[in-house]
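Reader: I would like to go through this model one question at a time. Please show it before we start.

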Amino acid sequence: MITASLGISAFVIFFWRTVLAVKPPVYQVNLEQISEKINHFVKENRQLAENIASMEQKINDSKKRLQETRRQNKMCSHEALKFKDNIKTIERVNEFLNDLLQSSRARLQSVRGQNVKTLNLVRIWMLISSQLDF
């Protein structure tokens with residue numbers, strides 16, 4: 001009985017140590033490779049941080065340019081409104097001047113007509129007076 005229990009115990013211990021043994025994982029990289037990877041990631045992280053900083057700077061510059069462009073656009077639109085008002089005023093003055101020119105031309109035509117009549121009367125009077133002198 002002791003022999004049987006010792007045999008079973010030996011078999012259980014053997015089975016437990018060989019078949020059911022939990023082995024620690026064996027990594028195929030060593031400490032030097034891990035430190036190289038860490039250094040590589042640190043460099044990559046630093047480059048990404050620099051890229052992010054440069055992109056943020058570009059974004060800020062773009063925002064400033066956008067604000068400047070909007071300000072200039074607003075100024076240009078104000079100037080355009082002023083020019084539109086000036087154009088309307090000039091068009092009104094132009095219409096007035098055209099009307100004035102037409103009325104002046106009409107008066108000139110009537111004065112020319114009166115001058116022609118007067119000239120004809122003067123010629124007739126000169127003819128009559130020259131005939132009366134004889």
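Reader: Is F11 buried, partly exposed or exposed, and at what relative accessible area?

Author: This is a predicted model, in which local features need pLDDT of at least 70, side-chain atom pairs count only at pLDDT 80 or more, and totals for chains, interfaces and linings use all residues. Residues are numbered from 1 along each chain as its sequence is written, and side-chain values use heavy atoms, with hydrogens and water left out. Buried means under 20% relative accessible area, exposed over 50% and partly exposed in between, with a 1.4 Å probe and protein chains only. F11 is exposed, at 55%.

Reader: Which residue forms an aromatic pair with F11?

Author: Rings of Phe, Tyr and Trp (its six-membered ring) pair if their centres lie within 6.5 Å; planes under 30 degrees apart count as stacked, over 60 as edge-to-face and the rest as tilted. The structure holds one such pair. It is stacked, with 6.2 Å centre to centre and 20 degrees between the planes, and the partner of F11 is F15.

Reader: How are F11 and F15 placed in helix α1?

Author: Helices are DSSP runs of H or I of at least four residues, strands are runs of E of at least two, and both are numbered from the N terminus. F15 counts as partly exposed, at 37% relative accessibility. F11 and F15 are four residues apart in helix α1 (residues 2-18), so their separation is about one helical turn.

Reader: Which side chains meet in a salt bridge?

Author: A salt bridge is a side-chain nitrogen of Lys or Arg within 4 Å of a carboxyl oxygen of Asp or Glu. The structure holds one. At 2.4 Å, N to O, the side chains that meet are those of R71 and E68.

Reader: What separates R71 and E68 in helix α2?

Author: R71 is partly exposed at 43%, and E68 is partly exposed at 33%. The two are three residues apart in helix α2 (residues 31-132), which means a separation of about one helical turn.

Reader: How far apart in space are F14 and I38?

Author: F14 lies in helix α1 and is exposed, with a relative accessible area of 55%. In sequence F14 and I38 are 24 residues apart; in space, C-alpha to C-alpha, the distance is 42 Å.

Reader: What is the radius of gyration of the chain?

Author: The chain has two helices and zero strands. The radius is taken over C-alpha atoms, and the globule rule is 2.2 Å times the number of residues to the power 0.38. For 134 residues that rule gives 14 Å, and the chain is more spread out than a compact globule because its radius of gyration is well over that, at 56 Å.
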